[in-house]
Amino acid sequence: MDLKSMRQQTQILSKIATNDGHGENSAYFDGWKAYDNNPFHPKHNPQGVIQMGLAENQLCFDLIKNWVLNNPKASICTPQGAEEFKDIAIYQDYHGLPEFRTAVARFMEKVRGDTVKFDPDRIVMSGGATGAHEILAFCLVDPGEAFLVPTPYYPGFDRDLRWRTGVQLYPVVCESSNDFKVTRTALESAYKKAQEDNIRVKGLLINNPSNPLGTVLDRDTLHDIVRFVNDKNIHLVCDEIYAATVFSQPEFISIAQIIQEVQCNPDRIHIVYSLSKDLGFPGFRVGIIYSYNDAVVSCARKMSSFGLVSTQTQHLIAAMLSDKEFVENFILESSERLRKRHESFTRGLAQVGIETLKSNGGLFVWMNLRNLLKEPTFAAELELWKMIINEMKLNVSPGCSFHCQEAGWFRVCFANMDDETMRVALMRIRTSVLQWKGMEAAAAASAKKQKQCRRNLKVSLSFRRGLEDCMISSPHSPMNSPLVQATN
Ligand SMILES: Cc1ncc(COP(=O)(O)O)c(C=O)c1O
């Protein structure tokens, strides 16, 4: 849109419609556009961009497909299930189908190793975790007030919690020096800073397992977090939508377990869940708010009218998640497949010297490309990111879009593609990195030669001609390589 029509829109539309709170103009979404404009296809577009910026879990669709084929009654659009069409298609109240709430509560327990109980009457549904976050923001915080959020964090939080609510997100700065741990010191410092800025902090939002880190919060950290929110008398929202993606030790510990261990006011604790990642159904838009606070449950339920899960989906999910054998097998198989994919992907990266943060969950790895930056700045990070998109043709997401406070980190998703596409992606990474390394070596050799020439020049001016030879740079000058620059 040009400037003039933008100005016109600002005059006739609301502030929400014309502000950029949606965050669509960030690098995170730009990468998606690059993929949309030139999507990879093994046969039809083998040089296209591979989508590694989308946290989707596509590794178990064969299991789901088998279940669907074996359970035709679960769908109201099959001869076996059509009998129930009328009962499902008519208006339902916003509590959700009882069998759906019960099945989701049991699934949430299973995913947490049956260490906790969830009450189906506290299950409030929403349009994905996206809707759940916004509803909680509306319920807990007034415009201008803030949630603290440890960095780096999922870019969608800016849209989900802030855009339409007017709520602010205030960063809790976590650092690579301790693997981005959420420490009490970091929490206190963010809280103090918000107070100095005259911002009222109403809550802390954590994401466990973390997107983009793929790590889980340990028990001591969770205890500290609960004590912190208790001391400050603020809310704690725990986004646990990657709970079942954890594929190795340390185990995932839900906040639901922690509140049984630490003395706290459960009225302040709220869990966000969804079936988008653990089951791999982001298209179904099944989001869950689980609050221990009766007033929040009641208000969230009323607000959920704006983003209910369709009864057709509830009906199918209720049947699927009530199948205990299927659920148990799915959870085990899904995490095993994620483990294997994570292992082969990180091994491939390590072979070309790319480090990743040690992780054991999520659908992505947090890749450290600091050494490839020209300089330790976010401008250099974006420059490298553009090279990755334009040269490697991989859409990965730069750390700055996750509010990471240190330049050089990138999130790369590994579960939204088949093995062959993953192989192509790794091959592209290997080729580019080796090429860059070759350029770096050539640059080092050339620099050495130049130094030698200069030394010789001092000895004898008759070496002038040789020096000139040395100074002629190749048309493929390696000096633009980020690897070369990083050695400065
Ligand atoms: C941490 C986190 N929360 C929420 C969401 C949104 O999930 P949903 O698709 O269920 O709305 C995502 C999606 O990537 C996410 O990573």
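Which residues in α7 meet which residues in α12? Keep in mind that this is a predicted model. On the α7 side you'll find I135, L136, F138 and C139, and they meet V296, C299, A300 and M303 in α12. Sort that contact by class and you get eight nonpolar residues, with no polar and no charged ones.

Now for the geometry of that pair. Helix α7 covers residues 128-140, while α12 takes in residues 294-303. Their axes sit 10 Å apart, and the packing angle is about 125°. The handedness of their crossing is right-handed.

Helix α7 has another partner to look at: α8, residues 156-163. Here the angle is about 40° and the axes are 7 Å apart. That makes α7 oblique to α8. The crossing of α7 with α8 is right-handed. In this contact, T130, H133, E134 and A137 from α7 meet G156, F157, D160 and L161 from α8. By class, the contact holds three nonpolar, three polar and two charged residues.

Finally, the ligand. It is surrounded by 14 residues, and the closest are G128, A129, T130, S274 and S276. Helix α7 turns up again here: with three residues, α7 gives the most to the shell around the ligand. T130, one of the closest residues to the ligand, is also among the α7 residues that meet α8. As for the make-up of the shell, it has five nonpolar, eight polar and one charged residues.

Methods
Residues numbered from 1 in each chain as written. Predicted model: local features only at pLDDT ≥ 70, side-chain atom pairs only at ≥ 80, totals over all residues. Near = placed C-beta within 6 Å. Helix = DSSP H or I, 4+ residues; strand = E, 2+ residues; numbered from the N terminus. Nonpolar A, V, L, I, M, F, W, Y, C, P; charged D, E, K, R; others polar. Axes fitted to C-alpha atoms, helices over the stretch in contact; angles between N-to-C directions. Left-handed = near helix turned anticlockwise from the far one by under 90°. Contact = placed C-beta atoms within 7 Å. Parallel < 35°, antiparallel > 145°, perpendicular 65-115°, else oblique.
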